[in-house]
Amino acid sequence: ACAVYDLTPDGDGYLYDGRKRRFETRTAILRVRQPDGRFTTETLNLRRSIQGPVVADKDHLYALRMSGFQVGSFAGSLEEWWQMGRAQNLAEFETALRRMQLSMFNVIYADDRGNILLLFNGLSPRFPEGTADFWAHPAPGDTSATLFTSLLPYSDLPKAINPSSGWVQNSNSAPWYMTQPILDPNRFPAYI
């Protein structure tokens, strides 16, 4: 998951909690292949705010905060998939999922003992406020009140484990509809 923050420029920095902050900066040298096959080099000046990497259009500065940058690595996700594949029962499968290394993907499990599980999986930010609609748009970047600093743990993610209906389904709909009876959305943060 990602949050986009609309930054308020202030000279060579940006405003944050009423104060000017300077961007972290670095320069990258890129090799660019030309149509004739030769390479040229281009210099790219990169900026970073407290929220993350900064991108700009002609009217705005935006910072991107990716939940995947908060934990793990690609190797961690491969290890989690490996553990999921090696699991011999539901408890071992859940142990693998608790690693929280997969940045996305709903997960469905079934075994020969009749256990089923559907997990609304991913690295979901623990936003300080707001609804899903609020976070679908750029949030104010001039305040620490909107900055997420942690992720929802496995225990707080929507999931159905051995529901009374005997089935789970995933059609990329809201997680409330993964089984019957539907999950109560009020048991989860409004931004999910």
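Predicted model: local features only at pLDDT ≥ 70, side-chain atom pairs only at ≥ 80, totals over all residues.
From the surface we can turn to the interior. In soluble globular proteins, nonpolar side chains tend to be buried together. Here the largest nonpolar core has 32 residues, and those with the most contacts inside it are Tyr 5 and Leu 97. The elements that give two or more residues to this core include strand S1 (2–7), strand S8 (61–66) and helix H2 (90–97), and of these H2 gives the most, with four residues.

Tyr 5 also leads us to one of the sheets, for it stands opposite Ala 139 in S11. The strands S1 and S11 pair in the parallel sense over two bridges, and they are part of an open sheet of four strands, in the order S7-S8-S1-S11, whose pairing is mixed. Strand S7 (54–56) and strand S11 (139–140) stand at the edges of this sheet, and because each has a single partner strand, one side of each is left without a neighbour in the sheet.

Another open sheet is made by three strands in the order S9-S10-S12, with antiparallel pairing. Its edges are strand S9 (107–110) and strand S12 (159–161), each with a single partner strand, so that one side of each is again without a neighbour in the sheet. From one strand to the next, the twist averages 5 degrees. Within this sheet, S9 and strand S10 (residues 116–119) are joined in the antiparallel sense over four bridges, and one of the pairs is Ala 110 with its bridge partner Ile 116 in S10.

Two residues lie between S3 and S4, and Asp 17 in the turn has a positive phi of about 50 degrees. The bridge partner of Tyr 16 is Arg 19 in S4.

Side chains of opposite charge can pair when their charged atoms come close. The model contains six salt bridges, and Asp 12, Lys 20 and Arg 22 are linked in a network of such bridges. In the salt bridge between Asp 36 and Arg 38, the closest N and O atoms are 2.6 Å apart; Asp 36 is partly exposed, with a relative accessible area of 48%, whereas Arg 38 is exposed at 58%. Glu 94 forms a salt bridge with Arg 98, with the closest N and O atoms 4.0 Å apart, and here Glu 94 is buried, at 12% relative accessible area, while Arg 98 is partly exposed at 47%.

The side chains of Arg 126 and Asp 156 also meet in a salt bridge, at 3.6 Å from N to O. This pair links distant parts of the chain, for Arg 126 is in the loop between S10 and helix H3 (132–135), and Asp 156, 30 residues away, is in the loop between S11 and S12.

Finally, in the segment after S12 we find Val 168, which is buried, with a relative accessible area of 17%. Val 168 and Met 178 are ten residues apart in sequence, and their C-alpha atoms are 5.4 Å apart in space.

Definitions and conventions
Residues numbered from 1 in each chain as written. Heavy atoms only, no water. Pairing = 2+ DSSP bridges. Axes fitted to C-alpha atoms, helices over the stretch in contact; angles between N-to-C directions. Core = buried A, V, L, I, M, F, W, Y, C linked by side-chain atoms within 4.5 Å. Buried < 20%, exposed > 50% of the residue type's maximum accessible area, 1.4 Å probe, protein only.
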